[in-house]
Amino acid sequence: MLGRLISYAIGGIFVVALMFGAFAPREASQPDPTHALHKYPMKVSWAQDGVFGTFDRAQLQRGFQVYKEVCAACHGLERIAFRNLTDIGFSEPEVKAIAKAYDVPSIDEKTGEASTRKGVASDYFPSPYANEVMARAANNNALPPDLSLITKARNDGTNYLHSLLVGYGKPPAGHEVPQGLHYNPYFANINIAMPAPLTSEGQVTYAEGQPKPTVDQMSRDVTAFLAWAAEPKAEVRKRTGVAVVFFLLILTFLSYLAYRRVWADLKSGAH
């Protein structure tokens, strides 16, 4: 009997607690002061957009140049092999020369110790840091993300990345940026550890006949390159999809004709 009374008491306390939690007035939530400053990505028209869109090879090569000369100092591209660069218009000798300019991790065959060697076309782009600890130590404890899938890892990634690269500026009055961070309204919480990578016109020297390397142009080019890096076979996928849809349309039409023919014979037989 006593045990039953105790269980009833515990159940009653539990019900009262639930009722109190459901109906007790709550404190008003404090608005996030950064919400009013946050901006959504700018909408940009990209050559690769749409079912029939294709990458601009010249833009991809310029974007790779920006990545190599600016971004590669902090960010890796571990899912892309040097040989993949032939897909954006580089010749095999050019790819071999690009790979040879990199030192990739290796093992000394004689001693078994960690070593490096010159890259070859089949190698993947090496990380600029040996490990996460070294990466954080060099970047005020911030970990630079690998850029292989960056446009897939962010919502509206291509527009987001371009907006982020050109979005640095002075904070508005009343907004204090913590030490070691930088104001960028396109970043999720406004304050970003990465300083502006593209700071001035001509930071990267393009070949003759190419567009003027303004900050906006360099941002568009490297963003297009990273969009390609995130999905190197996007154009093949689009062509395959169009071919499959075209095939299904023909198959549907032929099936309809066969259906009409079969039922026409059955109907005439029925009469």
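Modeller: Helices are DSSP runs of H or I with at least four residues, strands are runs of E with at least two, and both are numbered from the N terminus. This is a predicted model, in which local features need pLDDT of at least 70 and side-chain atom pairs count only at pLDDT 80 or more, while totals for chains, interfaces and linings use all residues. Residues are numbered from 1 along each chain as its sequence is written, and side-chain values use heavy atoms, with hydrogens and water left out.

Biologist: What makes a residue part of the lining of the largest pocket, and which residues lie nearest its centre?

Modeller: On a 1 Å grid over the protein atoms alone, a pocket is an open set of points where a 1.4 Å probe fits, with protein on both sides within 12 Å along at least five of seven lines, and a lining residue has an atom within 4 Å of a point. For the largest pocket the lining comes to 27 residues, with H75, P144, P145, I192 and M194 nearest the centre. Two or more lining residues come from each of α6 (157–166) and α7 (215–230), and α6 holds the largest share, four residues.

Biologist: How do you know the volume of the largest pocket?

Modeller: Grid points are joined across faces, edges and corners, and the volume is the space filled by probe spheres set on the points; for the largest pocket this gives about 610 Å³. The second largest pocket holds about 290 Å³ and has a lining of 19 residues, among them K152 and E231. Here α8 (234–270) is one of the elements supplying at least two lining residues, and α8 gives the most, four residues.

Biologist: Why is the pair of Y67 and F225 called tilted?

Modeller: Rings of Phe, Tyr and Trp (its six-membered ring) pair if their centres lie within 6.5 Å, and planes under 30 degrees apart count as stacked, over 60 as edge-to-face and the rest as tilted. The centres of Y67 and F225 are 6.1 Å apart and the planes stand at 35 degrees, so the pair is tilted. Y67 belongs to helix α2 (residues 57–69) and F225 to helix α7, 158 residues apart, and the pair thus links distant parts of the chain.

Biologist: Are Y67 and F225 buried or exposed?

Modeller: Buried means under 20% relative accessible area, exposed over 50% and partly exposed in between, with a 1.4 Å probe and protein chains only. Y67, at 1% relative accessibility, therefore counts as buried, and F225, at 0%, counts as buried.
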